[in-house]
Amino acid sequence: VLGGLDLGPSCPNLAGVDLSNIRYIKGQFTINGSGLQNLSLPSLETITENVEISGTLLENFDLNSGLKEIGGNVFVHAGFSAAAVDNLLQRLVGLNGFGGTVLFEARTVTFDGASSPPTAAGIAAAATLTGRGCTVTTN
């Protein structure tokens, strides 16, 4: 996908979408005002810019365990479950500069809105990211 991917207010009743074949998003990935509750990107390897999720019912956001790069900041202003918060934080930790990944460092990661607080696993992941110079904010 070139030019980013925006699932926005023009899709308020969108309950599901199949993005299983997307491997690369050149630009920002935005979900804003969509009715999506679950989103899985099982093949995604790269997002070159920010990830921003807001104004949505999205509770679960699963990224490919083979994710290689997120080139910007991550902002979640939605109702993520604790498991979804943990999953995303752990995926960011997995971007460690080894195995073909690009090191995720010195960026901002924010979970606010109705997102649940992370569990112990998410807290540990947030600490690892903070050690890399990231600013991590959770509920």
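Helix H1 (82–94) and strand S11 (135–137) are among the elements that cover the buried residues of helix H2, where covering rests on contact, meaning heavy atoms within 4.5 Å. Helices (H or I, at least four residues) and strands (E, at least two) are DSSP runs, numbered from the N terminus. This is a predicted model, in which local features need pLDDT of at least 70 and side-chain atom pairs count only at pLDDT 80 or more, while totals for chains, interfaces and linings use all residues. Residues are numbered from 1 along each chain as its sequence is written, and side-chain values use heavy atoms, with hydrogens and water left out.

Let us stay with H2 for a moment. Its twelve residues, 120–131, reach 17 Å from the first C-alpha to the last, close to the 16 Å expected at 1.5 Å a residue; that expected span is 1.5 Å times one less than the number of residues. Gly122, Ala125, Ala126 and Leu129 are the buried residues of H2, buried being under 20% relative accessible area, exposed over 50% and partly exposed in between (1.4 Å probe, protein chains only). Seen down the helix axis, these buried residues fall within an arc of 100 degrees, so they line one face of H2; the arc is taken from the directions from the axis to the C-beta atoms. Turned away from that buried side, the exposed residues Ala120 and Gly131 sit on the other face. Just after H2, Gly133 takes a positive phi of about 90 degrees.

Now to the sheet. Three strands form an open sheet in the order S2-S5-S8, with parallel pairing; two strands pair if DSSP finds at least two bridges between them. S2 (24–25) and S8 (69–70) are the edge strands, each pairing on one side only. Two bridges join S2 to the parallel strand S5 (residues 46–47), and Tyr24 stands opposite Thr46 in S5.
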